[in-house]
Amino acid sequence: MESYFHHQTSGEKCNLTNNKHLIHQDSLSGAKKVISPISYTPADPKDFSYETESGELFSERFTGDRRLKSKCKELAAFAGKGLRITAYNGFDVESIVIPESIDGVPVISIGQRAFMNMEISSVVIPRTVKAILPKAFYNCKNLSNIDLPDGLEYIGEQCFRESGLKEIIIPDTVKVISKHCFSDCKPLTSVTFGKNVQKIESVAFSFCRLLNQIILPESLVELQDLCFLCTSVQVIIVPKNTKLVSNKIFGSSDYNNKVDIVFCGMDTEISGGPFYNVGTVYCLPGSAAQKYSREYRIPLKPLWEYSPDT
């Protein structure tokens with residue numbers, strides 16, 4: 001299929017195909033990951049420490065003092081409705097199957113640092129889990145793949161930081177990719193965002209140096225500072241309804257090669273001063289991106305001239 005852009009107005013839609021560095025969300029419409037049924041045997045519940053989900057997080061600042069707890073608005077809806085796994089005490093650290101329930105009570109969250117620094121290569125997370133808390137799988141360098149369950153709503157800060165993930169598919173129920181969530185995942189090459197992701201927070205995918213494919217959904221509202229710092233991304237398409245893009249999404253100095261940015265909408269604002277590490281901006285006439293690029297003397301081309309082979 002031939003790649004193309006129509007000469008368009010603000011009400012028309014971008015169409016992109018055949019780009020090895022970027023896949024537009026429309027090209028994935030209706031696509032599903034096909035997984036063959038596999039039978040797993042849950043680990044013995046006695047291998048886990050757990051507690052009733054409280055809706056609270058302990059402080060991660062400085063010491064990670066577990067005595068300093070505070071309410072977390074993202075967890076408020078789950079408080080008292082199930083169990084939180086707080087630690088794994090078993091000896092089979094290669095492959096772990098988290099149970100759906102313990103003594104008849106559903107497991108709905110995986111706690112802070114629950115598996116941090118463990119040499120696990122495989123984890124099966126049950127469909128009952130709604131939240132994975134900060135640093136749950138931090139520095140799990142052997143963890144190469146994980147299937148996040150449909151219905152998952154919250155992925156905490158630094159959750160998979162410095163893990164061995166090679167690819168990740170974010171469920172449609174996740175709206176925010178938290179700070180440092182997947183940063184420093186050195187083997188990571190592919191990310192697919194669910195269709196309801198609205199915000200990608202600061203440093204979310206920084207230093208994922210092999211990451212060269214970005215899939216941004218039409219639901220995206222905001223891209224924050226350094227979210228794609230030191231990646232191998234060459235092109236990024238900003239959906240038409242995105243409201244705000246940081247001028248530092250690729251860094252605050254010349255860490256990256258120059259990245260082309262394609263703005264599909266009229267009203268997307270760029271915060272801060274001039275873009276860092278940006279080659280060419282493609283946009284619509286009269287758009288906020290055009291005005292910004294002219295103000296800061298960024299190379300500028302009309303949207304319809306963009307081709308994935310440019």
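Residues are numbered from 1 along each chain as its sequence is written. Because the model is predicted, local features are reported only at a pLDDT of at least 70 and side-chain atom pairs only at pLDDT 80 or more, whereas totals for chains, interfaces and linings use all residues, and side-chain values rest on heavy atoms, with hydrogens and water left out.

The mean pLDDT of the chain, that is, the predictor's confidence in each residue on a scale from 0 to 100, is 86, and 82% of the residues reach 70 or more. Over residues 1-39, however, the pLDDT is below 50, although this stretch has 71 contacts in the model beyond near neighbours in sequence, a contact being defined as heavy atoms within 4.5 Å. The secondary structure comes to 1 helix and 21 strands, where helices (H or I, at least four residues) and strands (E, at least two) are DSSP runs numbered from the N terminus. Of the 310 residues of the chain, 50% count as buried; buried means under 20% relative accessible area, exposed over 50%, and partly exposed in between, with a 1.4 Å probe and protein chains only. Among contacts with a separation of 6 or more, 41% are between residues 24 or more positions apart.

In soluble globular proteins, nonpolar side chains tend to be buried together.

The buried residues of α1 are Ala-288, Ala-289, Gln-290, Tyr-292 and Ser-293, and what covers them includes β18, β19 (269-271), β20 and β21 (300-302). Gln-290, placed in helix α1, counts as buried because its relative accessibility is 14%, and apart from residues up to four places away in sequence it touches Cys-283, Leu-284, Pro-285 and Leu-300. Following α1 is Arg-297, which has a positive phi near 55 degrees.

Thr-280 lies in strand β20 and, with 15% relative accessibility, counts as buried. The residues touched by Thr-280, leaving aside those up to four places away in sequence, are Val-259, Asp-260, Ile-261, Pro-299, Leu-300 and Lys-301. In the loop between β19 and β20 is Asn-277, a residue other than glycine with a positive phi, near 60 degrees, and Asn-277 is buried, with a relative accessible area of 1%. Leu-226, in the loop between β15 (222-223) and β16, likewise has a positive phi near 60 degrees, but counts as partly exposed at 23% relative accessibility.

Val-235 lies in strand β16 and is buried, with a relative accessible area of 8%; Val-235 and Pro-308 are 73 residues apart in sequence, while their C-alpha atoms are 8.3 Å apart in space. Asn-257 is placed in the loop between β17 (244-246) and β18 and counts as exposed at 68% relative accessibility, and the C-alpha atoms of Asn-257 and Ser-232, 25 residues apart along the chain, are separated by 8.0 Å.The second largest pocket is lined by 23 residues, of which Cys-72, Glu-74, Tyr-154, Glu-157 and Ser-178 lie nearest its centre; on a 1 Å grid over the protein atoms alone, a pocket is an open set of points where a 1.4 Å probe fits, with protein on both sides within 12 Å along at least five of seven lines, and lining residues have an atom within 4 Å of a point. The volume of this second largest pocket is about 540 Å³, taken as the space filled by probe spheres set on the grid points, which are joined across faces, edges and corners. The elements that give two or more residues to the lining of the second largest pocket are β2 (56-58), β3 (69-71) and β10 (154-155). By class, this lining has 7 nonpolar, 5 polar and 11 charged residues, where Ala, Val, Leu, Ile, Met, Phe, Trp, Tyr, Cys and Pro count as nonpolar, Asp, Glu, Lys and Arg as charged, and the others, Gly among them, as polar.
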